[in-house]
Amino acid sequence: MPRRSWTAVVVVACLLVPLAAAAPAGPPTFGAAKDVLSFSGDVVGGLSEIETGDVNGDGIADVVGTRLAFPVAHKTFPVGIFLGDGKGGFVDGSSLWDGAPAETEHGRQILIADFNGDHRNDIFVADHGYDAEPFPGHRNTLILSTPQGKLVDASGNLPPESGFTHSAAVADVNHDGSLDIYAGNLCCGDHTPPEILLNDGTGHFTRRLDLLPPDLQDTNNYVYTRSVFLDANGDGAPDLVLGAANQTADSTVLLNDGSGHFRFGPALPPKPFGSRSILISFATLDVNGDGKTDLLAGFQHEDFSGRRIQVLISGGDGSFRDETAARLPAQDEGQGWPYAIRVADVNGDGSLDFAVSLHQGGNERGPLYLNDGTGVFHQTSLPATSDTFLFLDANNDGHVDIFDSFPGGPGGTERHQVQLQLVRVAAPPAVRLRVLKDRLRVTWAAVTGASSYEVWRNGKRVATVTATQFDDRRAAKRVKYAYRVRAVNELGPGDFSSTVTGRRR
C-alpha cells in the first residue's frame with residue numbers, strides 16, 4: 001500500500017433553525033511582524049509542528065515546537081521551548097530542561113496537558129519518525145514537569161514501541177482523574193496499531209489495545225489520520241472521533257461506554273472530495289450555541305492538493321450532520337491544503353472564529369472566518385503568515401495575537417515572529433498635575449499597547465512623548481491651565497483622559 005506524508009495539528013464548542021442574517025464584527029488589525037527568536041537550522045533542524053500552552057506555570061502563553069531533518073534523514077532534534085514574557089516577546093526556554101532535552105525525529109502532533117497530576121502542564125509528542133520507505137517508526141516522546149519547575153524527558157514512562165504515530169488526542173477516558181492518550185498509529189514501524197495509553201496518575205502509561213474495537217488493528221483497511229476526543233452523545237464520557245485517510249471511506253465516531261471501552265458509533269457525513277480524500281485536520285467548538293461540541297474538519301484530495309473545510313454539527317446522540325453550506329461561504333479549493341485549523345475569538349466579539357493554516361500554499365494567505373454570532377462565518381484574510389502559526393495572547397492584553405514560525409533547515413534560520421493585534425487604546429488613567437517651582441508636571445498611568453502619548457493644554461496639543469509624564473516649562477506664572485492626555489498606537493489616538501487643572505505660583 002503506498003504511503004504519503006500527512007501533516008496537521010488539532011487546535012489543543014435538533015433541527016436546523018433559520019439563521020438570522022447578521023453582520024460580523026469587523027476584522028482585526030495586526031501590527032507589523034516582529035522577530036522574537038531565531039535558531040540555526042543547521043543545529044536544530046527544520047521546524048515541523050508548534051502548539052501553545054503555559055509550560056512553566058507563570059500563567060503566560062508559551063510555545064512548544066518540534067523539528068525534523070530535511071531532506072528526510074534519520075536524525076533527531078531537541079524539542080523547542082519558547083517562553084512568553086507576557087509583553088509580546090519570547091525567549092529560548094532551554095534552561096527549563098533538567099538534563100538533556102527531549103528529542104524527536106518527526107514529531108507529528110503536540111499535546112500540552114497535565115499528565116503527572118502536579119497541576120503544571122506536561123508535553124506529549126506523537127512521533128512517526130522517518131517519513132519514507134521502509135517507514136521504520138519511532139518512539140513517542142513524553143516530557144514531564146518536575147517539583148523544581150523544570151522539564152524532564154520521561155519518554156521511558158511510555159510503552160517501549162516504535163509505531164508510526166500520526167495523531168494523538170488526550171482525555172480522561174476511564175474517569176479515574178488522570179489524563180489518558182489515544183495514539184493514532186497508522187502502520188509500519190513495529191506495526192503497533194492504534195491504542196489507548198492509560199495513565200496511572202503519575203505520568204506512567206500502559207498500552208491497552210483491548211479498549212478499542214478489534215477492527216482498528218487492521219491498519220490496511222482502517223486508517224485514520226486525525227483524532228479528537230469530545231462528548232458526542234451527551235453522557236459525560238469522552239468519545240473518540242477519527243478522521244479517515246484515503247484508504248478508508250468514512251470517518252467515524254467511537255462511543256465510550258464510560259469505562260474507557262470504545263465501540264463504533266455513527267459514521268461522519270461523506271467526505272467532500274469523495275471517499276478517497278483525506279481528513280487532515282480537526283478543530284472543536286460549539287458552532288450553533290446549543291451546548292454541544294461541533295466539529296470543523298479540513299480535507300485534501302488524495303494527491304495532497306486543494307482544501308475544503310466541513311462544518312459538522314452534533315446531533316447530541318453521537319451523530320453529526322453536514323451544515324457547511326449554511327455556515328460557510330462558497331469555498332475555492334486554493335493551492336495549499338489545510339495543515340491546521342486554529343480556533344479563537346479573534347476579533348473579541350464573544351464568538352469563536354477560526355483560521356486555516358495552509359501547507360504548500362505558495363503566496364496564498366490563509367483564510368480567516370469570522371463568526372457573526374449565529375454560527376455563520378464570513379471569510380476574510382489573515383495577514384501574511386507562514387505555513388505554521390498559532391493564535392495566542394502574547395502581551396496579556398486580552399486580545400488574540402499571531403505567533404508565526406518559519407522552518408529553517410540546513411543553511412537556513414528557524415525564525416519566530418509575533419504580530420500583535422492592534423486595538424484602539426484606552427484613555428490614560430490616574431492623570432495628575434503637580435505644581436513645581438519652575439514648571440507644571442503632568443503624570444499618568446501607562447496604557448497597554450500605547451506607543452506614545454499626546455499632551456493637550458487648553459485645547460491644543462503641546463507635546464508627544466513616550467514617557468508617562470510631561471514637564472511644561474512654558475507655563476506662565478499665575479495662569480490657569482487645563483491638561484488632557486490621550487494614548488496613541490498604530491491605529492491612531494484613543495480617547496482623552498479626564499482633565500486636570502492648575503497654575504504656577
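In the predicted model described here, Tyr483 is in contact (heavy atoms within 4.5 Å) with Leu433, Leu440, Val442, Val455, Trp456, Arg457, Asp472, Ala475, Ser498, Thr499 and Val500, when its neighbours within four places in sequence are left aside. Residues are numbered from 1 along each chain as its sequence is written, and side-chain values use heavy atoms, with hydrogens and water left out. As the model is a predicted one, local features need pLDDT of at least 70 and side-chain atom pairs count only at pLDDT 80 or more, whereas totals for chains, interfaces and linings use all residues.

Tyr483 also belongs to the largest nonpolar core, which has 17 residues and in which Val442, Trp444, Tyr453, Val455, Val465, Phe470 and Tyr483 are those with the most contacts. A nonpolar core is taken as a set of buried Ala, Val, Leu, Ile, Met, Phe, Trp, Tyr and Cys residues joined through side-chain atoms within 4.5 Å, where buried means under 20% relative accessible area, exposed over 50% and partly exposed in between (1.4 Å probe, protein chains only). At least two residues of this core come from each of strand S34 (440–443), strand S35 (452–457), strand S36 (460–465) and strand S38 (481–489), strands being DSSP runs (E, at least two residues) numbered from the N terminus. The most is given by S38, with four residues. Apart from this core lies another, of 16 residues, including Ile196, Leu211, Phe229 and Phe262. In soluble globular proteins, nonpolar side chains tend to be buried together.

Two open sheets of four strands were examined, with strands taken to pair if DSSP finds at least two bridges between them. In one, the order is S3-S4-S6-S7 with antiparallel pairing, and strand S3 (46–53) and strand S7 (90–92) are the edge strands, each of which pairs on one side only. Neighbouring strands of this sheet are turned by 25° against each other on average, direction ignored, the axes being lines fitted to C-alpha atoms and the angles running from 0 to 180 degrees between N-to-C directions. Within this sheet, strand S4 (residues 62–68) and strand S6 (residues 80–84) run antiparallel and are joined by three bridges, and Val64 has Ile81 in S6 as its bridge partner.

The other sheet has the order S21-S22-S23-S24, and its pairing is likewise antiparallel. Strand S23 (residues 308–314) runs antiparallel to S24 and is joined to S24 by three bridges, with Phe320 in S24 as the bridge partner of Ser314.

Strand S27 (residues 367–371) is largely enclosed by the rest of the structure, because five of its five residues are buried. Pro367, Tyr369 and Asn371 point one way from S27, while Leu368 and Leu370 point the other way. In a regular strand the side chains alternate between the two faces of the sheet. S27 runs antiparallel to strand S26 (residues 353–359), to which two bridges join it, and Leu368 in S27 stands opposite Ala355. With strand S28 (residues 377–381), S27 pairs in the antiparallel sense over five bridges, Ser381 in S28 being the bridge partner of Pro367. S27 and S28 form a hairpin with five residues between them, and Gly373 in the turn has a positive phi of about 100°.

Two individual positions were also characterised. Ser167, placed in strand S13 (residues 165–171), counts as buried because its relative accessibility is 0%. Its side chain makes a polar contact of 2.9 Å with the side chain of Ser227, a polar contact being a pair of N or O atoms within 3.5 Å for which, within protein, one must be able to donate a hydrogen and the other to accept it, and residues adjacent in sequence count only if both atoms are side-chain atoms. Pro338, which lies in strand S25 (residues 337–344), is buried, with a relative accessible area of 0%.

The structure holds one disulfide, defined as a pair of cysteine sulfur atoms within 2.5 Å. This bond is formed by Cys187 and Cys188, whose sulfur atoms are 1.9 Å apart. The torsion about the S-S bond is about -70°, so the disulfide is left-handed. Cys187 counts as buried at 5% relative accessibility, as does Cys188 at 11%.
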